[in-house]
Amino acid sequence: MKTKPFLSFWQIWNLTFGFLGIQFGFALQNANSSRILQTYGADVEQLSLFWLAAPLTGMIIQPIIGHYSDQTWCRLGRRRPFFLVGAIFTTIALILMPNAGLFLSPGTETAILSPVLIGAGMLMIMDASINVTMEPFRALVGDMLPDEQHTTGFSIQTFLIGIGAVVGSLLPSIMNKVFGLSNTAVAGEVADNVKFAFYAGAAILLASVLWTIFKTKEYSPEEMAEFRLSGGEVIEKRRDSNGFMEIMHDIFHMPKIMLQLGLCQFFAWFALYSMWVYSTPAIAEHVYGATDPASAEYAMAGDKVGELFSIYNFVAMLFALLSIARHLGRKMTHALCLCLGGAGLVSLYLLNNTGMMVFSMIGIGIAWASILAMPYAILSDSLPADKMGTYMGIFNFFITIPQITNGIIHGWIVRNVYHGHAVFALLTGGVFLFFAAAAVSLVKEKKFSRKV
């Protein structure tokens, strides 16, 4: 019987290393997109709508990429062609987003074509490209590792995500405090420290993805078939060559565990979207008393949010190495971590000192580590190997739908219920993380006789 061999730590490190660079892109996007869009003229109530570009593209792109990466075999491999194409386009988008104003000549701004709309378009392109790169990386862990190593694989992936997110979140502050680049600019222009942070992030993303491409050799179609047959899995014949119909069939016949995890994912990602969209305006007003994106106080708040985000990502990086799921089990671990994250987000509303918010970030970081690893570790054990990419892409629905829901309703709520005070959106996010923890009890995970 031929089974997948256990891989060494460094082999797993190499096959997940590209996520280091991907997270540079995500960290820069999450910590700075609201700041950039407000610089271009977006109101705080509009931010959630502009951020819809990211989950909408992910919802469309990821199942398609997952489906075709399942069926792609070429000299470069199965997943690696998608890594390469996605990394190239993400690199371009990272360079262009903080320069959206350059696409317009002075005096050409109109209600139809404006820097804020171009910036939102660049956000969409960047997120679509990251999705092209990211989802095959998650499928690669399922391809290359035996079931018993899935938790280890996703934990190492989370550790690398943490490193990328820490440094990526700090890059604007590093550019300002270490290299002396200004963190302010004239109205309508992005500060130099943010621009050069995006340039550095683009270079790191491309280099790290290339590392995985050159250091990892994927299993051949013949080897994958032998692994499936040895595991007693029936290889299903393709019904037809219509990719759309096949994706739709897989959506309606998704494993039950995906729906069970979906409710938990909905609450968790609704909370995360609130944090990413509203942290800068919330902390700018709540702590610094600033509402003008062109003010020095708002710039300080923007840099501080990047620093706080780096802390929660640093905590996630360290927490990923603890592997407490070995002792508490995946479900209990995930529920506990989500509760700590909920407490962290709620405390941001209660505090008005960024020094004390460091402790809030610890709880958020623990939740983030679990969100990045536990659902995928639980899910990947129950997916057919020949549809790993497809179902990982479909599972992304449970990430994008809550973000789209948030984007549609939360801007109206901030304006009409919270009266423009974005800090209440962070409080709402905290409550939703507690709901996510309660939803974990619905998940029925696969049992193993060996330790994960």
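Here is a quick tour of this protein chain, from its overall build down to two residues.

What you're looking at is a predicted model, where local features need pLDDT of at least 70, side-chain atom pairs count only at pLDDT 80 or more, and totals for chains, interfaces and linings use all residues. Residue numbers start from 1 along each chain as its sequence is written, and side-chain values use heavy atoms, with hydrogens and water left out. The chain comes to 18 helices and 0 strands; these are DSSP runs numbered from the N terminus, with helices being H or I of at least four residues and strands E of at least two.

**Overall build**
- Along the principal axes, the C-alpha atoms fill a box of roughly 65 × 45 × 40 Å.
- Of the 452 residues, 61% count as buried (under 20% relative accessible area; exposed is over 50% and partly exposed is in between, with a 1.4 Å probe and protein chains only).
- Among contacts with a separation of 6 or more, 82% come from residues 24 or more positions apart (a contact means heavy atoms within 4.5 Å).

**Surface**
- The chain exposes about 17,600 Å², and carbon and sulfur atoms supply 68% of that (Shrake-Rupley method with a 1.4 Å probe; for residues, only the protein chains shown count as cover).
- Val85, Ile88, Phe89 and Ile92 make up a nonpolar surface patch, with about 350 Å² of accessible area together.
- Patch residues have over 30% relative accessible area and no salt bridge; like charges are joined within 9 Å, and nonpolar side chains (Val, Leu, Ile, Met, Phe, Trp, Tyr) within 5 Å.
- A salt bridge puts a side-chain nitrogen of Lys or Arg within 4 Å of a carboxyl oxygen of Asp or Glu.
- Ile88 sits in helix α5 (residues 80–96) and is partly exposed, at a relative accessible area of 39%.

**A buried aspartate**
- Asp143 belongs to helix α6 (residues 115–144), and it counts as buried because its relative accessibility is 3%.
- Leaving aside residues up to four places away in sequence, Asp143 touches Lys4, Arg78, Arg79, Tyr219, Met224, Ala385 and Met388.

**Confidence**
- Mean pLDDT is 84, and 90% of residues reach 70 or more (pLDDT is the predictor's confidence in each residue, from 0 to 100).
- Confidence is lowest in helix α13 (residues 325–328), at a mean of 67, and highest in helix α18 (residues 423–439), at 96.
- Over residues 108–112 the pLDDT is below 50, and this stretch has 5 contacts beyond near neighbours in sequence.
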